[in-house]
Amino acid sequence: MLPCRQDFGMKKSGGPRNSPVINFRTTVIPGSVRRSSAVLPSVLTFLVIVASGGLLLMIEKGMLSSMETPPPRGTGKRQDFMRQVGRLSPGAEDVDSQILQEIRNRTIRSMCSQKNMPHSIMSLTPLQRKTLLQHILVNDQYHFLYCYVPKVACSNWKRVLKVLNGVLESVDVSIKMDHRSDLQFLSSFKPEQIQYRLKHYFKFMFVREPMERLLSAYRNKFGEIKSYQKKYGVEIVKRYRKTRAKDATVKGDDVTFAEFVRYLLDTDAERMNEHWMPVYNLCQPCAVSYDFIGSYEHLERDSEFVLQRIGAPPHVRFPERQTWYKPVTTETLHYYLCTLPHKLLRELLPKYILDFSLFAYHLPNTTTEHCRH
C-alpha cells in the first residue's frame, strides 16, 4: 500500500532548549479533501521573498560588485591549469553568482532562524536524521561533505568522488555507475565523528528548479526504468484508475503525469522515494550549515568552483553531459504543467514550497493566458 499523505504539525523537542521542531505526521483525510492551510505561513514567507526579490537584486548589485570571491583552498595551480585549457577565463568571478549565493544564504538564515525549524541534526526526528546522513557523502582526504540530490547531476559528482578516492582513473571511464560501492556515507560514522566533520569540513550541495527536477524524475523512472514501473507504476495505475484496480495485466509503464502528481499529493514527503523527495527533506539546510549551494542551471561553473575550493588536482574535472542525455527544456516543462489540472498544480506547489523559497526559485507561471501561448 502507498503511504498516507503528510500533514504538518508541531511537536516539542525533548532537547535542552525545548524548542519546537517540525513534525510530519501522517493522517488519513476523508474523501478527496486536501488541506492546504497548514502550509500558509511558508507560502506567505515565499511571497514576501518574491515580492522583494527585484529590490534585493538591485541592492545586491551595488553591494557585491566590489566583493571578491573567497580564494580556493590550496595553491593556484588548478586555476592556472584551467586557464591554459580554456575552461576558466580571467576574472571568472561572476557577480550574479555571488548575488544568488547571498540571496540564498540570507533567505536560509532568515527562515531557518524560526523557532519551529531544526537548528542541528540532533533536533531532527530519527527518520529525518537517517535520510540526511544517508545522503551525505564524505571525503576525508580533501575534507568535504557532499549532500547528493538525485536528478541534480549526482551521478557525475559520485564519479568525481570515486576519482578523488583513487577508485576510477578518470571521470570518462565507461562503466555503469554503482551508487553505493566505493563511497563513504556520513551515516557510517559514530556520532562524535559525524559532529566533527559537520563542524570542520567544507559542505556543499546542488539544487535544481523543483518542477523541472520532478518532471525529469517522472520521465526517466516511469518512461525508461522497468524496476520503477513495477514497484511504483503498477500501484499508481491500480490506485488511480478505477477500471484497472484489479487488473493483473497492469505493467505500470503508462503512468500519466497527472496520476504521478496525485500519488505525490497522497504521499508523506518524508517517506517519498529520493528521486522526488523535496531537496529540503533530503539535505536539511536548516540543520546543516552548507558552505556552498550550487545550481544545476550553472552546473559547470559552480562545479569548477567547488573543485577549486576543495583543492582537487588539476586533472580532475566535472564530467560533460552524455550525448544520450535528454534535458527538460522550458517548453517541455511548460507543456506538462499547463496540461495538468489546475487543482492538482495548486496543491502540488505547496508540497515543494521550501525548495522554491529557500533556494530562490520563482513559482512557475501557469496562468490561463500564459499557458495559451
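Helices H8 and H9 are roughly perpendicular to each other, a label given to angles of 65 to 115 degrees, whereas angles under 35 degrees count as roughly parallel, those over 145 as roughly antiparallel and the rest as oblique. The model is a predicted one, in which local features need pLDDT of at least 70 and side-chain atom pairs count only at pLDDT 80 or more, while totals for chains, interfaces and linings use all residues. Residues are numbered from 1 along each chain as its sequence is written, and side-chain values use heavy atoms, with hydrogens and water left out.

Two packed helices are described by the angle between their axes and the distance between the axes. For helix H8 (residues 226-240) and helix H9 (residues 257-265), the axes come within 10 Å and cross at roughly 90°; here axes are lines fitted to C-alpha atoms, for helices over the stretch in contact, and angles run from 0 to 180 degrees between N-to-C directions. Helices (H or I, at least four residues) and strands (E, at least two) are DSSP runs, numbered from the N terminus. On the H8 side the contact is made by Tyr232, Ile236 and Tyr240, and on the H9 side by Glu259, Arg262 and Tyr263, with contact meaning heavy atoms within 4.5 Å. By class, this contact of H8 with H9 has 4 nonpolar, no polar and 2 charged residues, where Ala, Val, Leu, Ile, Met, Phe, Trp, Tyr, Cys and Pro count as nonpolar, Asp, Glu, Lys and Arg as charged, and the others, Gly among them, as polar.

Helix H8 also packs against helix H7 (residues 210-223), the two axes coming within 8 Å and crossing at roughly 105°, and H7 and H8 are therefore roughly perpendicular to each other. In this contact Lys221, Phe222 and Gly223 of H7 meet Tyr228, Gln229, Tyr232, Gly233 and Ile236 of H8, and the residues by class are 4 nonpolar, 3 polar and 1 charged. Helix H7 also holds Ala217, which is buried, with a relative accessible area of 0%; buried means under 20% relative accessible area, exposed over 50%, and partly exposed in between (1.4 Å probe, protein chains only). Leaving aside neighbours within four places in sequence, Ala217 is in contact with Lys151, Phe222, His275 and Trp276. Of these contacts, Lys151 is 66 residues from Ala217 in sequence, and their C-alpha atoms are 6.6 Å apart in space.

An open sheet is formed by 4 strands in the order S3-S4-S5-S6, with mixed pairing; two strands pair if DSSP finds at least two bridges between them. Strand S3 (136-139) and strand S6 (292-295) are the edge strands, each pairing on one side only, and the twist averages 25° from one strand to the next. Helix H3 (residues 95-112) packs on the sheet, where it touches S5 and S6, and its direction makes about 125° with that of S6. Helix H11 (residues 299-310) lies across S4, S5 and S6 and runs at about 170° to S5.

Within the sheet, strand S4 (residues 144-147) and strand S5 (residues 202-207) run parallel and are joined by 4 bridges. Leu145 stands opposite Lys203 in S5, and Cys147 has Met205 of S5 as its bridge partner. Strands S5 and S6 likewise run parallel, joined by 4 bridges, and the bridge partner of Phe206 in S6 is Gly294. As 6 of the 6 residues of S5 are buried, this strand is largely enclosed by the rest of the structure. Both of its faces are covered, with Phe202, Phe204 and Phe206 buried on one side and Lys203, Met205 and Val207 buried on the other.

Two further buried positions were examined. Ser357 lies in helix H14 (residues 353-358) and, at 1% relative accessibility, counts as buried. A polar atom of the Ser357 side chain lies 3.4 Å from the backbone oxygen of Leu354. Thr366 is placed in the loop between H14 and helix H15 (368-372), and is buried, with a relative accessible area of 14%. Not counting residues up to four places away in sequence, Thr366 touches Leu337, His342, Leu345 and Cys371. The C-alpha atoms of Thr366 and Cys338 are separated by 5.9 Å, although these residues are 28 residues apart along the chain.

Note on methods
A polar contact is a pair of N or O atoms within 3.5 Å; within protein, one must be able to donate a hydrogen and the other to accept it, and residues adjacent in sequence count only if both atoms are side-chain atoms.
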